[in-house]
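This report describes one structure for a reader who has not seen it before.

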Protein chains: 2
Amino acid sequence: MPSIIQKRRSAKPGTSSTLSDVARLAGVSESTVSRVLRQKGFSSLKVRQRVREAVEHLGYVPNRVAGTLASSGSNLVGVVIPSLSNIVFPDLLGGASLALDRAGFQPVIGVSDYDPLREETLVAAMLAWRPAGLIVAGLDHTARTKAMLRGAGVRVAELLDIDGEGIDIVVGFSNLSAGRASAELFLARGYRRIGYVGHYLGLDHRAARRLRGFTEILTHSGLALRASEVIAEPSSIGAGKEALARLLAAAPDLDAVYFSNDDMAVGGLFHCLQQGIEIPSRLAIMGYNGLDIARLAPQPLATILTPRRRVGQLGAELLFAGGPKQVVDLGFELIEGATV
Amino acid sequence: MPSIIQKRRSAKPGTSSTLSDVARLAGVSESTVSRVLRQKGFSSLKVRQRVREAVEHLGYVPNRVAGTLASSGSNLVGVVIPSLSNIVFPDLLGGASLALDRAGFQPVIGVSDYDPLREETLVAAMLAWRPAGLIVAGLDHTARTKAMLRGAGVRVAELLDIDGEGIDIVVGFSNLSAGRASAELFLARGYRRIGYVGHYLGLDHRAARRLRGFTEILTHSGLALRASEVIAEPSSIGAGKEALARLLAAAPDLDAVYFSNDDMAVGGLFHCLQQGIEIPSRLAIMGYNGLDIARLAPQPLATILTPRRRVGQLGAELLFAGGPKQVVDLGFELIEGATV
DNA sequence: CTGAAAGCGCTAACAC
DNA sequence: GTGTTAGCGCTTTCAG
C-alpha cells in the first residue's frame, strides 16, 4: 500500500505537504507546528518529537512564500551586477554570498550586461520579491533606478566604487585614485609618451573613472594621452592583444600603455612577447585588478590589486548591521610588478 | 502637502502600496487591476489607462510573494554550484542567467564550497521557495539531496557532467573521456614517464573522473602514473606552481605532467619558465578548461576547451522546454597547443 | 467586460 | 503550553 506521501504525489503531482498536513499527522494545531519549526515560544518535548516525526515522514518542506507573505519579511537579497565574465564580479558575488549565507539570506542575482535600463528592470524584478536588502554594483544608475532604490524601504549596498553619492551603504575604493596612482607610477619612472587601451567606457563607469584619474595626473604634468584605442566590447585577453597591435601601429613611438584592466593588459603583454617588443625597456604596460595570472607570471604585470571579495563580504554584512548610512573605503594595492 | 506616497511611507516606512490601493485610486476592483497588469482577459482601453496612471502615481510594484502564493507558481529558479572562484561556474551561471532571464525567470544562487552537505542544505532552502526549476552542478549528490530533487515536483537540470545517472535533464560532457583524450595525446607524443598535479579529488568529482579516464588509458598501455601531487585546497595558479615544484623534486625524471585544470597548469607553466625547464622538450604539460589565458599565450597550453557557457544556457532552456528526461552531450575540444 | 468572494500556506496576536 | 482566528497581497473561479 502506498505511503501517505506517494498518495499525495500521485493525486496531485508537484504538490507538497503543508503545515496543516503535518499538524494533522502530529495531532496538534498548525500554530504549534509553526512554533516548533521556528523554535519560537515554547513547546513540550513530547509535542516537539511528534512534530519532527511528522515532518520527517511527510518530507515536509516549509513554504517560504507563504511564510514571507504572512510575516512580511523574506530572506532574499537581490544582487545586480553588470557581468559575470569579468572575474571581479564573481569574486564580489562570492564574498557577498558567503556573508549572506552566514546570516541566513539567499541571493537572487541579476546580470545587467552593463545596460542601465536592464539594471532598472532587474532592480524592479528584485523589489517585487520584497527582498530584505539589495546589492548593486557602483553608484551610477538611472534616475528611476535610484528612485526605486531609495523608496523601496530596504537597505541598499552599492559596491566597488566610492567616487560619487551613495544611497545607503557604500563599500569599495576609489577608481579615480587608482587611475591617478597608475599615472603617477608611469611618470615617476620617466615615461612620457603614454597611450591607453580600454573597453567600452560609456558603460563601464569605473573604468572610465580610472581613465579620468589617469589623464588628470598627466594634465598636471603638462602631458596628455598620446594615443588611445577603445574597443566597443567587453574586455578580454584577445581584445587587448589586438587593440595594442592597432595602437602601436598608429602610434609606434609610445613608451608606455595604460590598460583598462588586467585582461586587456595580459593581452597586450602577449602581443609584446610575440612581437619581440621588450618590456619595459621598449614599452611599459600596466593593468588593473591584480589577477593571479598577472601577479604570479615570471614577469609580473604592474597592476592594482583590489579587495573585491572583501568588498562583497563587508557590503553584505553592513547591509544588515543596522548601522547608519556610510561609505567604507577598502583601498587598493599598487603592485609595481616588472612591466614598468 | 505631502503626496499620497509620502503619506504612506511616513506612516509606515518600508510598506509599499498594494493592489487594492491601485484599485481604489483607479476606481475599479482588485481583480480588474490584476487583469490589466497581467494583460489577461480583456479590459476596456479606458480602464487600462486609469489603472496604469494609478500604478504610475503610486509607484506600485506588484508583490510577487503574494502572487506566487495565490497562483502557486514562482519564477524563481534555484542554482546550486560548488564555487565561484573557478571560472567554470561563473561561465556556467552566465549562460544559465541569460537563458533564464529571457524566459522570465530569476536565479536564486547558492554556493556549496564543494561540500555535499551544504549542497543538501542549499537545495532544501531553494525548495522552500517553491522554485519553477532547479539547476545543480554534476551528478554526485547525497542520497537525501537526490531524494529531494526527485520528489520536489520541479524539473531539475544537472550540468557539466554526463558520466552517471541523472534525474531529469542532464547537459554536459564526459569528464571521463576528457581524461582519456589527454592521456592519449601524451602517449601519442611518446611520453611515458607521466605525473599528475591536482586539487582535492574527494570533493571535485569531475576532476577525479578525468583522472580516472586518464589513468585508465595509461593502464591499457601497461603504464601507470609515475608520481602525483594532490593538494587539499581549491585549484589556483599559485598552488599549481608550488605543487609542480614539489612533484619534480620528488620525481625529477618525469617527461610529462597532467594537471587537474588550467589554473594549476598555468602555475606549472610559470614554474618551468622561471626554472628554465624547457617545454615541451624537457617536460610536457597539459591542463583542462581551455581558458583564454592558456589558449592565447605565446606558447599556448595543451588543454581541453569545454562549452560551459553553452551548457548553462542549454540546461536552463531545456529545464522549461517540457521535453522528456534526457542527456545532452555537448562534447569538448582538445587543443594541442604547444606544450606537448 | 467587470466585481465579489474564496482561498494560496503560513504567522501572529489573542484566548484558553 | 497550545489552539483559534485573522489576515499577508494577490489570483482565480464564478456571477453579473
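Leaving aside its neighbours within four places in sequence, Val266(B) is in contact with Ile293(A), Ile237(B), Gly240(B), Ile293(B), Ala294(B) and Leu301(B). The model that shows these contacts is a predicted one. Val266(B) itself belongs to helix H12 of chain B. Is Val266(B) buried or exposed? Val266(B) counts as buried, because 28 C-beta neighbours lie inside 10 Å and the cut-off for a buried residue is 20 or more. Along the chain, Val266(B) and Gly238(B) are 28 residues apart, while their C-alpha atoms are separated by 9.0 Å.

A second residue of chain B gives another picture. Ile217(B) sits in helix H10 of chain B, which covers residues 205–220. Ile217(B) has 18 other C-beta atoms within 10 Å and is therefore partly exposed. If residues up to four places away in sequence are not counted, Ile217(B) touches Arg180(B), Ala183(B), Glu184(B) and Leu187(B). Between the C-alpha atoms of Ile217(B) and Ser83(B) there are 30 Å, and the two residues are 134 residues apart along the chain. The table sets out the two C-alpha pairs.

| Pair | Separation along the chain | C-alpha separation |
|---|---|---|
| Val266(B) and Gly238(B) | 28 residues | 9.0 Å |
| Ile217(B) and Ser83(B) | 134 residues | 30 Å |

**Where the chains meet**

The contact between the two chains takes 47 residues from chain B and 47 residues from chain A. On the side of chain B that touches chain A, at least two residues each are supplied by several elements, including helix H5 (64–71), helix H6 (88–102), helix H7 (116–127), helix H11 (237–250) and helix H12 (262–275) of chain B. Which element supplies the largest share of that side? The largest share, 6 residues, comes from E2(B).

The buried residues of H5(B) are Arg64(B), Val65(B) and Thr68(B). These residues cover an arc of only 105° around the axis, so they lie on the same side of H5(B). They pack against helix H5 (64–71) of chain A. The face of H5(B) turned away from the buried side carries Ala70(B) and Ser71(B), which are exposed. Just after H5(B), Ser72(B) has a positive phi of about 45°.

**A helix in chain A**

Helix H4 of chain A, residues 45–58, has 14 residues. From the first C-alpha of H4(A) to the last, the helix reaches 20 Å, close to the 20 Å expected at 1.5 Å a residue. Val51(A), Ala54(A), Val55(A) and Leu58(A) are the buried residues of H4(A). Why do the buried residues of H4(A) line one face of the helix? Seen down the axis of H4(A), they fall within an arc of 100°, so they line one face. An α-helix has 3.6 residues a turn, so residues three or four places apart point the same way. On the other side of H4(A), the residues Leu45(A), Lys46(A) and Glu56(A) are exposed.

**A strand and its partners in chain A**

Strand E6 of chain A, residues 194–198, is mostly covered, with 5 of its 5 residues buried. Ile194(A), Tyr196(A) and Gly198(A) point one way from E6(A), while Gly195(A) and Val197(A) point the other way. E6(A) pairs in the parallel sense with strand E8 (residues 256–259) of chain A over 4 bridges. Val197(A) has Phe259(A) as its bridge partner in E8(A). E6(A) is also joined by 4 bridges to strand E7 (residues 227–230) of chain A, and these two strands run parallel. Here Gly198(A) stands opposite Val230(A) in E7(A). E6(A), helix H10 (residues 205–220) of chain A and E7(A) together make a right-handed β-α-β unit.

**Chain A as a whole**

Chain A has 14 helices and 12 strands. The radius of gyration of chain A is 26 Å, whereas a compact globule of 340 residues would have one near 20 Å. Along the principal axes, the C-alpha atoms of chain A fill a box of roughly 85 × 45 × 35 Å. Of the 340 residues in chain A, 52% are buried. Among contacts in chain A between residues at least 6 apart in sequence, 69% join residues at least 24 apart.

Terms used. Residues are numbered from 1 along each chain as its sequence is written. Chains are lettered from A and ligands numbered from 1 in the order in which they are written. This is a predicted model: local features need pLDDT of at least 70, side-chain atom pairs count only at pLDDT 80 or more; totals for chains, interfaces and linings use all residues. The expected span of a helix is 1.5 Å times one less than its number of residues. A residue is buried if 20 or more other C-beta atoms lie within 10 Å of its own, exposed if 12 or fewer, and partly exposed in between; C-beta atoms are placed from the backbone. The arc is that of the directions from the helix axis to the C-beta atoms. The radius of gyration is taken over C-alpha atoms; the globule rule is 2.2 Å times the number of residues to the power 0.38. Two residues are in contact if their C-beta atoms, placed from the backbone, lie within 7 Å. Two strands pair if DSSP finds at least two bridges between them. A crossover is right-handed if, with the strands pointing away from the viewer, the path from the first strand over the helix to the second runs clockwise.
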